[in-house]
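Keep the viewer open beside you and follow along.

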Amino acid sequence: MTFIRKVETWITNSKQTEDGWSQIKPFIFLKLTNSDGFEGWGEAFSLPAREKGIVEIIHNLMSSLSHVKDITPDRFYTESNLIADGHRGIDFSAATSAIEMSLWDIEGKKEKKPLYKILSKDYREKVPVYATIWSEDFKNDENLSSRCIETLSDGYGGIKIYPLQNRTVEQAAKCVSNIRDVLGYKIPLMLDLACPKDTNISLKLASLVEEFRPYWFEEPVDGESTRALKDIREKTSLRIVSGEKQCGLNHFIETLALDAVDIFNPDISGVGGIIDMIKIIKLSHEKKVTVSPHCWNSMSIAASAMVHVCMSFTNTEMAEFFPEYIPYSLKFSNQNYEIKDGFVKIEDNEGLGINIDTKLLMEDTSSYRETELT
Ligand SMILES: [Mg+2]
């Protein structure tokens, strides 16, 4: 009989990328160690100012489940849903995502198999991958276009941009046109609107950019507003993406029932866990909706979990990478994936296949916490 002996969490510092292009958000990492010495890594998604709150939930949840022996991802799923009592919230779901991910990592190590081979027998060898080009600062169309070309040369098969950031609708449409001129029409170009407050902005932009054939049209309104999402979907031919800040199965079931999306992008570290992600993938498949796990997280633990999930199911879309986060993530993590010719392929290591140098991680940590369980 085994039990979880130790719970450790790290919140990393926020910092600028080395080339000054963007700010790297703080990451929340979790390591569970069981009584047989197996270690599992997980990661929690966070929005600003909530990191310590999420860590608090992780430690409280694990303490309250310390009586559960031989805990598996499935058992944790059942127990944590009982504790959630039907009300999850994104922060609770980020905490359960991290815990479940580390339990999956332990399962893989116990079975000496990579996670994707545990999740499915019908797995793919590699999955299409795209790069999100994000910066907090204003970048003009020329800056953005050259960044897109530079990034594509690193092997990505598609690009996502935020055309409305610091731009009017007309300027945003012009930006998309300028980038299409540079990229051509063979490269998938995703547009992320990041939830404008006025849905008329989204509708106007949709009509102006349809001719530039964006691959998808992400968050034209917050995913909670399912009726507004459906309204936009009915008025445009663009493929609507939603779900990155949503959690809990009910939301996704309701959205599918309304026919309000073409693609879901629940966050791999925020939706609640890999089990819910799989349930969403299966339910979506029945409605011909695809799933592209969102990954605004580190490019180590969470990115690996995302690739394992994408490899396990055929109705997953392109995997999301933040190229700006990779050099920083590799300061304390091994690189267990290769990005080449538009695809990402993961190494055949046990579990998530991630090794973290905790000494190096600690150098970039603003808050470390440890709970011994008995
Ligand atoms: Mg987004």
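How many bridges join strand E1 to strand E4? Seven bridges link E1 (residues 4–12) with E4 (residues 28–34), and the two strands run antiparallel.

## About the model

You are looking at a predicted model, in which local features need pLDDT of at least 70, side-chain atom pairs count only at pLDDT 80 or more, and totals for chains, interfaces and linings use all residues. Residue numbers start from 1 along each chain, as its sequence is written.

Helices (H or I, at least four residues) and strands (E, at least two) are DSSP runs, numbered from the N terminus. Strands count as paired if DSSP finds at least two bridges between them.

## The open sheet

Put together, four strands make an open sheet in the order E5-E4-E1-E16, with antiparallel pairing. E5 and E16 are at the edges with a single partner strand each, so one side of each has no neighbour in the sheet. From one strand to the next, the twist averages 15 degrees.

## Helices lying across the sheet

Helix H1 (residues 51–64) lies across E1, E4, E5 and E16, and runs at about 175 degrees to E1. Helix H3 lies across E4 and E5, at about 155 degrees to E5. Such angles run from 0 to 180 degrees between N-to-C directions, using axes that are lines fitted to C-alpha atoms, for helices over the stretch in contact.

The chain is divided into domain 1 (4–112 + 358–372) and domain 2 (117–346), with bounds that come from an automatic or database domain assignment. Their C-alpha centres lie 24 Å apart. The contact takes 31 residues from domain 1 and 27 residues from domain 2; residues are in contact if their C-beta atoms, placed from the backbone, lie within 7 Å.

Which elements supply the domain 1 side? Strand E3 (23–24), strand E5 (39–44), helix H2 (73–84), helix H3 (89–111) and helix H13 (358–363) each supply at least two residues. H3 gives the largest share, twelve residues. By class, this side of domain 1 has 16 nonpolar, eight polar and seven charged residues. For these classes, Ala, Val, Leu, Ile, Met, Phe, Trp, Tyr, Cys and Pro count as nonpolar, Asp, Glu, Lys and Arg as charged, and the others, Gly among them, as polar.

## Two helix pairs

Helix H7 (residues 199–209) and helix H8 (residues 226–235) have axes that come within 10 Å and cross at roughly 20 degrees. That makes H7 roughly parallel to H8 (angles under 35 degrees count as roughly parallel). Thr199, Ser202 and Leu203 of H7 meet Ala228, Ile232 and Lys235 of H8, a contact with three nonpolar, two polar and one charged residues.

Helix H9 (residues 249–257) and helix H10 (residues 274–286) pack at an angle of about 10 degrees, their axes 10 Å apart. H9 is therefore roughly parallel to H10. Leu249, Phe252, Ile253 and Leu256 of H9 make the contact with Asp276, Lys279, Ile280, Leu283 and Ser284 of H10. By class, six residues in this contact are nonpolar, one is polar and two are charged.

Key: Angles under 35 degrees count as roughly parallel, over 145 as roughly antiparallel, 65 to 115 as roughly perpendicular and the rest as oblique. Two residues are in contact if their C-beta atoms, placed from the backbone, lie within 7 Å.
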